[in-house]
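Hi,

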Amino acid sequence: MKKTTFQDYLPFIFLTVVAILGIFVPSLPVFGDTSKYNFADIAWILVASSLVFLMTPGLSFFYGGMVNKRNVISTMMQSFIATGIISIVWLVVGFSLAFGESYHGLIGSPSTFFMFNNVGSGAPWSLAPTIPLLLFALFQMKFAIITPALVVGAVAERIRFTSYVLFMVLFSLLVYAPIAHWTWHPDGILFKLGVLDFAGGTVVHISAGCAALAGALVLKRRKDHIEKKDLQPANIPFVLLGTGLLWFGWFGFNAGSALGANGLAASAFATTNTATAAAGLSWVFFDVIRGRKPSALGFCIGAVVGLVAITPAAGFVAIPQSIFIGFIAAIISNLAVHWKSKTSIDDTLDVFPCHGLGGMVGMLLTGVFATKTINSGGNDGWLYGNFELFKNQVLGLLLVVGYSFIVSYGIFKLINLIHPLRVSDEEEELGLDATQHNEGYHSSFISVSDNGSLKEEDELIHS
């Protein structure tokens with residue numbers, strides 16, 4: 001076994017402290033006024049929360065299938081570990097920072113719901129009055145889980161696992177929680193400005209996309225990227241499976257954001273499916289007119305772009321307009337991916353062109369196509385004579401882009417001072433599956449022996 005250092009002990013120490021701290025948090029009675037609840041709403045949000053949770057394993061398959069065979073497990077693990085890390089961070093202080101008592105519309109008080117205190121016993125959230133506060137907190141937790149997991153795609157195949165774990169924690173506290181507070185808390189600065197984001201265009205996709213770009217710039221290029229090697233995806237069926245799980249889970253993501261079993265949820269469900277279908281087809285057909293063959297990978301990427309683009313608009317726009325949102329977002333992201341391939345930017349799985357730009361397109365088109373006919377709690381967009389909403393969407397977008405990129409860039413730089421972000425050249429060459437996890441995807445791979453030397457294995461390791 002390798003020699004452990006103090007840094008190796010730190011994650012376990014932090015988890016131990018949290019576990020012991022939990023012993024001393026007082027137990028409070030569950031909020032008992034059930035007359036405020038709608039049990040159909042509770043049932044739907046329980047299902048929706050489960051669907052959103054499923055998106056993170058889906059993302060793992062989506063990303064894992066696209067990297068090369070030496071890095072399948074490491075890439076999947078870097079996404080999937082968020083289900084554990086962010087669940088604990090959210091319980092301890094994340095939910096409180098996002099939805100606690102507001103400090104000037106910028107951040108929530110860390111003491112409001114520290115260690116989930118007062119969550120089970122608290123009155124329902126003001127914007128979700130028919131479900132328990134605890135259920136609202138758990139639903140929001142699933143959003144917080146997948147957001148840092150999205151960033152993995154930009155830094156895959158070269159980032160240390162331990163460094164990325166630290167990034168997830170800091171990103172969740174310093175980027176995700178503040179932006180969620182700005183956007184979804186009634187006292188948040190973007191909420192008060194009138195910015196519309198139904199299910200996470202700014203909070204999830206723009207924030208993750210800009211963080212991904214920052215990470216790609218800080219970590220610089222992979223050796224394979226510099227040498228312009230054409231590395232084929234390890235497993236296209238994994239990508240198809242991941243896309244299916246994401247598409248399925250996204251119904252909870254968007255339709256669940258209606259926070260009730262109602263007509264708005266049904267409308268968001270429909271716009272989500274429609275935009276996704278249009279985007280997948282748009283990507284494939286656009287590839288064909290540019291001289292490429294229609295591919296499974298292209299349809300999958302296009303579909304995910306459609307899911308991203310419709311997210312902020314899902315509960316504010318009509319179904320026919322969602323076709324255009326998916327159609328145009330796929331074309332813009334397709335062109336951006338093609339342009340990026342001619343630059344020195346090494347965003348491994350095109351997170352910024354697909355999630356970042358897809359989220360931006362969705363936010364802007366929300367400002368165009370939103371209508372009170374669909375959601376009386378929203379606003380009319382530019383198409384209906386209200387340019388003010390479009391202007392607010394632009395301002396909100398710019399604020400989130402600037403904040404997420406700058407703070408995420410700083411987080412990556414800070415981590416690199418504490419612990420190296422990148423694996424060594426030799427580890428990168430051998431692959432992160434073996435060097436970071438001592439596991440392998442294929443039947444023959446390089447592993448690390450107990451004495452630290454490298455050896456070839458003939459069978460898949462199951463740890």
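The crossing of helix 10 and helix 12 is left-handed. Note that this is a predicted model. Helix 10 spans residues 236-255, and its axis comes within 10 Å of the axis of helix 12. The two axes cross at roughly 15 degrees. Angles under 35 degrees count as roughly parallel, so helix 10 and helix 12 are roughly parallel to each other.

Which residues make the contact? Helix 10 contributes I236, V239, L240, T243, L246, W247, W250 and N254. From helix 12 come A296, L297, F299, C300, A303, V304, L307, V308 and I310. By class, this contact of helix 10 with helix 12 has 15 nonpolar residues, 2 polar ones and no charged ones.

Now the other helix pair. Helix 3 (residues 72-80) and helix 6 (residues 161-184) have axes that come within 10 Å. They cross at roughly 25 degrees. Helix 3 and helix 6 are therefore roughly parallel to each other. Their crossing is right-handed. On the helix 3 side, the contact residues are M77, Q78 and S79. They meet F161, Y164 and M168 of helix 6. The contact of helix 3 with helix 6 divides into 4 nonpolar, 2 polar and no charged residues.

Next, two loop glycines. Are they buried or exposed?

- G291 sits in the loop between helix 11 (263-289) and helix 12 (296-310). Its relative accessible area is 68%. The cut-off for exposed is over 50%, so G291 is exposed.
- G431 sits in the loop between helix 16 (425-430) and helix 17 (432-437). Its relative accessible area is 0%. Buried means under 20%, so G431 is buried.

G291 and G315 are 24 residues apart in sequence, and their C-alpha atoms are 36 Å apart in space. G431 and S74 are 357 residues apart in sequence, with a C-alpha to C-alpha distance of 8.7 Å. Leaving aside residues up to four places away in sequence, G431 touches R70 and N71.

Last, the annotation. An unreviewed UniProt entry carries "domain: Ammonium transporter AmtB-like" for residues 43-439. In the model, that span is 69% helix and 1% strand.

Best wishes

Key. Residues numbered from 1 in each chain as written. Predicted model: local features only at pLDDT ≥ 70, side-chain atom pairs only at ≥ 80, totals over all residues. Heavy atoms only, no water. UniProt positions renumbered as here; feature names shortened; annotations may be inferred. Helix = DSSP H or I, 4+ residues; strand = E, 2+ residues; numbered from the N terminus. Axes fitted to C-alpha atoms, helices over the stretch in contact; angles between N-to-C directions. Parallel < 35°, antiparallel > 145°, perpendicular 65-115°, else oblique. Left-handed = near helix turned anticlockwise from the far one by under 90°. Contact = heavy atoms within 4.5 Å. Nonpolar A, V, L, I, M, F, W, Y, C, P; charged D, E, K, R; others polar. Buried < 20%, exposed > 50% of the residue type's maximum accessible area, 1.4 Å probe, protein only.
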